Amino acid sequence: MAKQPIPYKIYLSEEEIPKKWYNLNAAMKIKHAPFLNPATLQPCGADDLKPVFCDDCVSQELNMTDLYIDIPEEIRDFYKMYRPSPLVRAYCLEKALGTPAEIYYKFEGNNTSGSHKLNSAAAQAYYAKKQGLKSVTTETGAGQWGTALSMATAYFGLDLTVYMVKVSSEQKPYRKEVMRTYGAAVIPSPSDTTEAGRKILKEFPGTGGSLGCAISEAVEKAVTSDSCRYVLGSVLDHVLLHQSVIGLESKAALDKYGVEPDVIIGCVGGGSNYGGLIAPFMGDKIAGKNNIEFIGVEPASCPSLTRGKFVYDFCDSAKITPLAKMYTLGCGFMPAANHAGGLRYHGMSPVVSELYHEGLMRAVAVKQTKVFEAAEYFARTEGILPAPESSHAIRVAIDEALKCKETGEKKRILFGLTGTGYFDMAAYKQYNDGTMTDYIPTDEDLEKGFASIPDIPQNK
Ligand SMILES: *Cc1c(COP(=O)(O)O)cnc(C)c1O
């Protein structure tokens, strides 16, 4: 095939939106350890999960054998509103850096919610509707997940209650209005609408709330309401499955020009976007078909992969979810108050944790001032105002490209640009004002979080 020049943006056609998701679990030779029921410490079966999550999501969660899973036509129709997302050759960034490397990024911020989260929100809302449920609940911190889910529930005709951490709802009032515009009821948490909320309000009047508290309220509302389920925006295997559209589209676009990446970089919060981006490439690596280097990037202030423990832990700080075997800082871990860049989850997807544990990928932790430096550089060269979360990946992509400048290597670098930063201007303001600081937790700080890891025989 004659070599065609690679355009700035490689678009796929609507027909090329994937018809099946890629189930990385089926490709993995060593499966991650099962979720455990915290009461019995036995592996969770479908019956343990169905009171909380939708039936189809539970089947997907437990599916370790089917490499491909059909994307229902209704979900593909929703995807058509904003997919395929562009795969961009970062010519301007390459030129500014003076690197011989080729840099590509998959941009997931081209929808109103501003991030990749819509890929799973659409799927989960569809399955809830298909099951005949009337409503779903969730929690949101920064607000991207709540926004994505409100778009999806509006489209599929479900009621949605979002418990939004009270400080966030005060700091980001416009995020709240976006959700309300899509029909969601947004309740600042803690609230007096649940037992859990009332208890916390009584104990800590005037508290700004926490994600753990918001989760407790959302789960309580789901299990005490008829025809209602709780939905989650990251970490779980079915969320990674839905996010595999990112990786499948990236691969299809690069294949058109015969490009195979040498390095794939992504930010890791709960791990769903990165697990989705790498899914088909990692499956091929496990099958011995490529030798791609995989790098997950996390904040130095919330370093679950690089400094966490690989043990069973709760997925939430309220200790009500099943136990997952994962890299974790302890469900009681809270990043320092000056941390502004998102990705503040204490644990990590069991799939990503297992890949890291087996040495199939590596992880890098970066300081937030270096992240915002990269964000600004990227905005000024490529034009897109990136989300702080995504900018963790930009930081390491730039660092890898600069290494190539020294060695003369022409590596092909692909990274995930998960979203836009329009609602994060308070963090950008800190950076621009020069008031942003870095805090790297001491070993002592981490010990406090580790103390919240459950003391069970499986962790001995
Ligand atoms: C939520 C979010 C992330 C973190 O994603 P995970 O899949 O949980 O790792 C990254 N970038 C953006 C823009 C987000 O909104």
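**View 1. The ligand and N273 in a predicted model.** In this predicted model, a polar backbone atom of N273 sits 2.7 Å from an oxygen atom of the ligand, which makes it a polar contact (a pair of N or O atoms within 3.5 Å; within protein, one must be able to donate a hydrogen and the other to accept it, and residues adjacent in sequence count only if both atoms are side-chain atoms). Taken alone, the ligand exposes 390 Å², and the protein buries 94% of that; these accessible areas come from the Shrake-Rupley method with a 1.4 Å probe, and for residues only the protein chains shown count as cover. From Q144 it is a polar side-chain atom, 3.4 Å from a ligand oxygen atom.

Some housekeeping: residues are numbered from 1 along each chain as its sequence is written, and side-chain values use heavy atoms, with hydrogens and water left out. Since the model is predicted, local features need pLDDT of at least 70 and side-chain atom pairs count only at pLDDT 80 or more, while totals for chains, interfaces and linings use all residues.

**View 2. The shell around the ligand.** There are 17 residues around the ligand, and the closest are K117, S234, S272, N273 and T418; to be near, a residue needs one of its heavy atoms within 4 Å. Sorted by type, the shell has four nonpolar, 11 polar and two charged residues (Ala, Val, Leu, Ile, Met, Phe, Trp, Tyr, Cys and Pro are nonpolar, Asp, Glu, Lys and Arg charged, and the others, Gly among them, polar).

**View 3. Helix α7, residues 144-156.** Here are 13 residues reaching 19 Å from first C-alpha to last, close to the 18 Å expected at 1.5 Å a residue; that expected span is 1.5 Å times one less than the number of residues. Helices (H or I, at least four residues) and strands (E, at least two) are DSSP runs, numbered from the N terminus. Of the 13 residues in α7, 11 are buried, so the helix is largely enclosed by the rest of the structure. Buried means under 20% relative accessible area, exposed over 50%, and partly exposed in between (1.4 Å probe, protein chains only). Among the buried ones are Q144, W145, M151 and F156. The buried residues of α7 pack against several elements, including α4, α6, β6 and α17.

**View 4. H392 in helix α17.** H392 is part of α17 and is buried, at 1% relative accessibility. Setting aside neighbours within four places in sequence, H392 is in contact (heavy atoms within 4.5 Å) with C267, V297, E298, P299, G341, L343, V366 and V371.

**View 5. Two cis peptide bonds.** The bond from R83 to P84 is cis, with omega near -5°, and P84 is in the loop between α4 and β4. S189 and P190 are also joined by a cis peptide bond, with omega about 10°; P190 belongs to the loop between β8 and α10.

**View 6. K202 on helix α10.** K202 is in α10, residues 195-203, and is exposed at 75% relative accessible area. Its C-alpha is separated by 9.8 Å from that of D192, 10 residues apart along the chain.

**View 7. Positive phi at L41 and S227.** Phi of L41 is positive, near 60°, in a residue other than glycine; L41 is in the loop between α1 and α2. S227 also has phi near 60°. S227 is in the loop between α11 and β9 and is partly exposed, at 23% relative accessibility.
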